[in-house]
Amino acid sequence: MNRNCLLCGVGGQGVVLASRLIACAAMEKGMFVRTSETIGMAQRGGSVVSHVRMGEEIYSPMIPKGSADVILAFEPAEAVRSLDYLRRGKEEGIVIVNQKGIQPVTAALGGQGYDGQEMLCFLKGEVKRLYIVDGEEICRQAGSAKALNVVLLGVAAASGALGIEREEMEDEIKRRVRPQYQEMNLKALKLGAALV
């Protein structure tokens, strides 16, 4: 069975590492994997989007609109921006979104306020299978603000949407993450999975 996962956020949130962990875990299971990333302005707080496609026959790294099984959104506005990719209908995909908004540079320069709440309200009205995650609190419990990517992976693994179990993701963290960060990331994964 093929699975499509779209990850979206802003530069510095760990979107690319999360997509690599998913891809490597899928390859360990013997799945064929294709990935693609858009990271143009990431270093300036711009959008980062990563496509991960897993399964038996995957010919393109790009997820067609309307066919993402799961959207992992590190920020509410990025979730809304990527919503066209979500699979709809009888077996609608799921959206897992961090509740904290990150104000874009353009809004900050213009003196406009943004906290993400309006975007979360929109998502509640548009998405049947929605997980809103208090990433700040869970990262605090895990011991690092940089663990958001792994928290969201924990939610995704526990939801079943990835076709990758939490234990398989744990193994991948042990293989791919530096030893000094493993304990914190494993805790973040477990805390994320506990939300489901």
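I count two strands as paired if DSSP finds at least two bridges between them. Helices (H or I, at least four residues) and strands (E, at least two) are DSSP runs, numbered from the N terminus.

The model is predicted: local features need pLDDT of at least 70, side-chain atom pairs count only at pLDDT 80 or more, and totals for chains, interfaces and linings use all residues. Residues are numbered from 1 along each chain as its sequence is written, and side-chain values use heavy atoms, with hydrogens and water left out.

Entry: I looked up the strand order and found an open sheet of six strands, 2-3-1-4-5-6, with mixed pairing. Strand 2 (32–38) and strand 6 (130–133) are at the edges with a single partner strand each, so one side of each has no neighbour in the sheet.

Entry: strands 1 and 4. Strand 1 (residues 3–10) and strand 4 (residues 70–73) run parallel and are joined by four bridges. I find C8 opposite A73 in strand 4.

Entry: helix 1. I noted that helix 1 (residues 15–28) has 14 residues and reaches 20 Å from first C-alpha to last, close to the 20 Å expected at 1.5 Å a residue; the expected span is 1.5 Å times one less than the number of residues.

Ten of its 14 residues are buried, so helix 1 is largely enclosed by the rest of the structure. Buried means under 20% relative accessible area, exposed over 50%, partly exposed in between (1.4 Å probe, protein chains only). Among the buried residues I list V15, L21, I22 and C24. Just after helix 1, G30 takes a positive phi of about 90 degrees.
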